[in-house]
Amino acid sequence: MDQCPYIQGDRCKLTQENIKEDQDFFQNTCSHSDYLKNCPNFTRKVYAAKTYHFIGSSRSCPYICEERCDVTKHPVCKKHKSFYDDTCCTSKYYDKCSYFSDRVSRIKPNRYFKPAFRCPYLINEMCELRRVNMYQKNRTFYRHNCINSNYHKNCPYYLEKIGKIKYKHYGKVYDSCTYKDGDWCRLRKIKVKDNCKDFYDYACCKKNYVKCCPHYVEAAYRKKLDE
């Protein structure tokens, strides 16, 4: 990007100061791509404070939804085409986008869950968390994450969701999920085999359900509270 994303008019959103009072610094750093390495405020904000090391980078930003950023709510492709092409649509977003780092820095890791061959929140091509068709809205991210085990480390929506689930399975582990009725899931109210076959084969029909399925873990926790 050819200008620091924290510049807002004449002010820096990090320092709240009139950045144009120092014209040399503004012209050589803030309004130039060198802000990435020359601005100490940006460096501290994005790099030194990187608390999201457990989140991996993907081929494109997970917050892009059909040329629009879910974080800023702006049509990035129209307003900042060069940044969209060079950053949002490449793995560079992970280090270069301050909006991404601000958002994911709030996510807490959950080491209990294990990856399956497909995201547990995906129904066909529809993401239950985002409520959008991921194949249509961000095909690159869909292909490289949603339909393989990469979702477990690269999708902030998934990681944010499971980060709020603190319960672990206790007691007997069965050969298949206790909420499975044939290929019908009594929790999700769908035929899992028809809509999420890879997840069905790997998790629902095996003992993996206790560590792969957040739907099961949440239901088991509610059940425990009711006992």
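The following questions and answers cover aromatic pairs and salt bridges in a predicted model.

Residues are numbered from 1 along each chain as its sequence is written. Local features need pLDDT of at least 70, side-chain atom pairs count only at pLDDT 80 or more, totals for chains, interfaces and linings use all residues, and side-chain values use heavy atoms, with hydrogens and water left out.

Colleague: How many aromatic pairs does the structure hold?
Modeller: Rings of Phe, Tyr and Trp (its six-membered ring) pair if their centres lie within 6.5 Å; planes under 30 degrees apart are stacked, over 60 edge-to-face, the rest tilted. On that basis the count is 16.

Colleague: What is the angle between the planes of Tyr 151 and Tyr 158?
Modeller: The two rings form an edge-to-face pair. Their centres are 4.9 Å apart, and the angle between the planes is 85°.

Colleague: Which residue forms a salt bridge with Lys 81?
Modeller: A salt bridge is a side-chain nitrogen of Lys or Arg within 4 Å of a carboxyl oxygen of Asp or Glu. Here the closest N and O atoms are 2.6 Å apart. Both residues lie in helix α5 (residues 81-88), four residues apart, about one turn of the helix. The partner of Lys 81 is Asp 85.

Colleague: How many residues apart are Arg 188 and Glu 128?
Modeller: They form a salt bridge, with the closest N and O atoms 2.8 Å apart. Arg 188 sits in the loop between β7 (184-185) and β8 (190-191), Glu 128 in the loop between β4 (126-127) and β5 (132-133). The pair links distant parts of the chain, and the separation is 60 residues.

Colleague: Is Asp 175 buried or exposed?
Modeller: Asp 175 forms a salt bridge with Lys 207, the closest N and O atoms being 4.0 Å apart. Lys 207 is partly exposed, at 46%. With a relative accessible area of 58%, Asp 175 is exposed.

Definitions and conventions:
Helices (H or I, at least four residues) and strands (E, at least two) are DSSP runs, numbered from the N terminus. Buried means under 20% relative accessible area, exposed over 50%, partly exposed in between (1.4 Å probe, protein chains only).
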